[in-house]
Structure formats: C-alpha cells, structure tokens
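Trainee: I would like to learn how to read a model of this kind, one feature at a time. Could we begin with the lining of a pocket and work outwards from there?

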Amino acid sequence: MIRAKIEKQKDLEERLSNIEYLLFLYGESSKELHKKSEQLVSLARSYRFNLSMLTPKEKELVLFQLNNLNTKL
C-alpha cells in the first residue's frame, strides 16, 4: 500500500513539474522590452523556473496551434 502511494506521488510530481507555459512580452520601445525581460528573468530565478527561448520552428508551430485550435500537433 505504501509503495502504491509513493508511485502515485511520483506520478503526480512528474505531471506537475513538466508543465510548459508560453509568455509573450510586449513593450512600447526596445528599452522597455529589455527591462521587462530582465525583470522576468530575475523573477523566474527566484521561483526556480527554467526559461528557454523558442526556435523559429517552435514559434511557427505555436502560432499555428493558436490560430487552429482544433488541430493537434
């Protein structure tokens, strides 16, 4: 019974820790956008989030999925 609980906890942790989010930053100028991105990076570090940039192909797939919500990639 304990083993089953441990496996359930491991499965739950795996599902919760592998969630991906997309964040779009906007700014009136390049300086403002740079400032916002620095703030985001420092905030992410304080919460131990791993940030990564999308490749152009990944961006294309995300935009395709956003514009075609009934299509699965």
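Predicted model: local features only at pLDDT ≥ 70, side-chain atom pairs only at ≥ 80, totals over all residues.

Trainee: What is a pocket, and which residues lie nearest the centre of the largest pocket?

Mentor: On a 1 Å grid over the protein atoms alone, a pocket is an open set of points where a 1.4 Å probe fits, with protein on both sides within 12 Å along at least five of seven lines, and lining residues have an atom within 4 Å of a point. Here 30 residues line the largest pocket, and those nearest its centre are Tyr 21, Leu 22, Leu 23, Leu 51 and Ser 52. Two or more lining residues come from each of helix H1 (2–17), helix H2 (30–46) and helix H3 (56–67). The volume of this pocket is about 1300 Å³, where a volume is the space filled by probe spheres set on grid points that are joined across faces, edges and corners.

Trainee: What is the secondary structure of the chain?

Mentor: Helices (H or I, at least four residues) and strands (E, at least two) are DSSP runs, numbered from the N terminus. The chain has three helices and zero strands, in the pattern α-α-α along the sequence. Its radius of gyration is 18 Å, well over the 11 Å that the globule rule gives for 73 residues, so the chain is more spread out than a compact globule. That radius is taken over C-alpha atoms, and the rule is 2.2 Å times the number of residues to the power 0.38. Along its principal axes, the C-alpha trace spans about 60 × 35 × 15 Å.

Trainee: Is Val 62 buried or exposed?

Mentor: Buried means under 20% relative accessible area, exposed over 50%, and partly exposed in between (1.4 Å probe, protein chains only). Val 62, in helix H3, counts as buried because its relative accessibility is 16%, and buried residues make up 3% of the 73 residues in the chain. Leu 61, also placed in helix H3, has 37% and therefore counts as partly exposed, as does Val 41 of helix H2, at 31%.

Trainee: Where is Arg 48 found, and what is its phi?

Mentor: Arg 48 is found in the loop between H2 and H3, and its phi is near 60°, a positive value in a residue other than glycine. Because its relative accessibility is 78%, Arg 48 counts as exposed.

Trainee: Where in the chain is confidence lowest, and where is it highest?

Mentor: The predictor's confidence in each residue is given as pLDDT, from 0 to 100. Confidence is lowest in H1, at a mean of 84, and highest in H2, at 92, while the chain has a mean of 86, with 95% of its residues at 70 or more.

Conventions: Residues numbered from 1 in each chain as written. Heavy atoms only, no water.
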